[in-house]
Amino acid sequence: MRELSLNVLDITQNSIKAGATLIGIDILENMDLDRLTIRISDNGCGMSEEQVQKVVNPFYTTRTTRKVGFGVPFFKMAAQMAGGDFSIDSTLHKGTVVTAWFQLSHIDRPPLGDINATLLSLIPFNPAIDFVYNRARDGLSFSLDTREMRQILGPDVPLNAPETVQWLREFLEENEAELTGGSPSGAST
Amino acid sequence: MKSLAELQAIKNKVRANVEMREGEASTRIVVGMATCGIAAGARPVLNAFVDEVGKRQLSDVMVTQTGCIGICQYEPVVEVYAPGKEKVTYVKMTPEKAVRVVNDHIVNGNVVTEYTIGAATK
Ligand SMILES: Nc1ncnc2c1ncn2[C@@H]1O[C@H](COP(=O)(O)OP(=O)(O)O)[C@@H](O)[C@H]1O
Ligand code: FES
Ligand SMILES: [Mg+2]
């Protein structure tokens, strides 16, 4: 993937497929620690220990008829190639937490890219799922909780109404600009 | 700065319009968003469809996502379902192609044959 935000989109699709009703996305940058942490957590169906092993290391499993996915291994590889690491913490019937961290200054770290495009490809397309987005960069932070949006909008106005999506877009853009001071976030270029 | 409080105004405004929108979407544009689709550029294609459909206020057109369509080498893949018509599969899509598909196919009813899987496999 050219941008880490695309990995975020791909990994979050797993949470959606897992039947999650609540998904957390954390994008945390810390210059002092030279670290970018990305965490996607969900309350979906979860995985057994054995399943997790297979998913993380698809190359080491004996061939089965089931097609092997590469989304998780891609994300893991991206982290490990950028001086970071990756972990999955999953409990069957409870949910899953996928965490990857990257050395911000590492030459092989892909840029974060357009994280707002990722969120706008997720939230309005899954109006029945709640999302909690936490974004932080060097002491500045903001968050978005669609449960709070829902509370104000009431039962009649869905999260994917055009007006709501427009508000969401502007909310994300303004807050992201505040955080990055106009410079593209997580940019390696 | 945007605040949650503004959603209150949106709520009041949208509720008044909700009935107008309740008609079933007649055309569905489905974008493949499996790992290979995303890696090949499905996200900007999806957003181009959303923008163009929104701009033209095509309220009976719905843009949705799906997982694996099974033809990796042709990603990004987009399927168009219209009532009474056969499914049209567009391959190797780009945001520019998406705009043309909305204009020619969705609005004017002319399938953009050169972007379809039929043309790609010839
Ligand atoms: N958050 C999750 N909750 C439950 N199962 C998951 C989750 N993430 C991944 N999995 C399991 O791991 C498999 C492999 O994921 P992935 O590498 O993204 O490939 P793919 O999504 O194409 O199958 C999924 O098919 C699913 O069975
Ligand atoms: S894995 Fe590529 S289309 Fe399904
Ligand atoms: Mg996946």
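This is a predicted model: local features need pLDDT of at least 70, side-chain atom pairs count only at pLDDT 80 or more; totals for chains, interfaces and linings use all residues.

Student: In what order do the 4 strands of chain B form their sheet?

Tutor: Strands of a sheet pair through backbone hydrogen bonds, either parallel or antiparallel. Here two strands count as paired if DSSP finds at least two bridges between them. In chain B the order is β2-β1-β3-β4, an open sheet with mixed pairing. Because β2 (61-66) and β4 (88-90) of chain B stand at the edges with a single partner strand each, one side of each is left without a neighbour in the sheet. From one strand to the next the twist averages 20°, where axes are lines fitted to C-alpha atoms, for helices over the stretch in contact, and angles run from 0 to 180 degrees between N-to-C directions. Helix α3 (residues 42-55) of chain B packs on this sheet, touching β1, β2 and β3 of chain B, and its direction makes about 165° with that of β2(B); contact here means heavy atoms within 4.5 Å.

Student: Which residues are bridge partners in β3(B) and in β4(B)?

Tutor: Strand β1 (residues 27-32) of chain B runs antiparallel to strand β3 (residues 78-81) of chain B, joined by 4 bridges, with B:Val31 partnered by B:Val78 in β3(B). β3(B) also pairs with β4(B) in the antiparallel sense, over 3 bridges, and there B:Glu79 has B:Thr89 as its partner. These two strands form a hairpin with 6 residues between them, and B:Gly84 in the turn has a positive phi of about 75°.

Student: Which strands pair with β4(A)?

Tutor: Strand β2 (residues 35-42) of chain A is joined by 8 bridges to strand β4 (residues 95-103) of chain A, the two running antiparallel, and A:Arg39 stands opposite A:Thr99. Strand β3 (residues 85-91) of chain A pairs with β4(A) over 7 bridges, also in the antiparallel sense. β3(A) and β4(A) form a hairpin with 3 residues between them, where A:His93 in the turn has a positive phi of about 70°.

Student: What should I look for in the loops?

Tutor: Most residues other than glycine have a negative phi, and most peptide bonds are trans. A:Asp34, in the loop between β1 (22-30) and β2 of chain A, has a positive phi near 55°. B:Glu75 and B:Pro76 are joined by a cis peptide bond with omega about -10°, and B:Pro76 is placed in the loop between β2 and β3 of chain B.

Student: Which residues line the largest cavity?

Tutor: Rolling a probe the size of a water molecule over the atoms shows where empty space is left. On a 1 Å grid over the protein atoms alone, a cavity is a set of points where a 1.4 Å probe fits but cannot get out, a pocket is an open set with protein on both sides within 12 Å along at least five of seven lines, and lining residues have an atom within 4 Å of a point. Grid points are joined across faces, edges and corners, and a volume is the space filled by probe spheres set on the points. The largest cavity holds about 30 Å³ and is lined by A:Ile25, A:Leu119, A:Ile123, A:Phe131, A:Val132, A:Tyr133 and A:Leu144. Strand β5 (residues 130-137) of chain A gives the most to this lining, with 3 residues.

Student: How much area do chain A and chain B bury between them?

Tutor: Buried area is the accessible area (1.4 Å probe) that two parts lose on being put together, summed over both. Chain A and chain B bury about 2,700 Å², 64% of it on carbon and sulfur atoms. A:Phe125, A:Ile152 and A:Trp167 supply 25% of the area that chain A buries against chain B, more than any other three residues. In terms of contacts, 34 residues of chain A meet 30 residues of chain B.

Terms used
Residues are numbered from 1 along each chain as its sequence is written. Chains are lettered from A and ligands numbered from 1 in the order in which they are written. Side-chain values use heavy atoms; hydrogens and water are left out.
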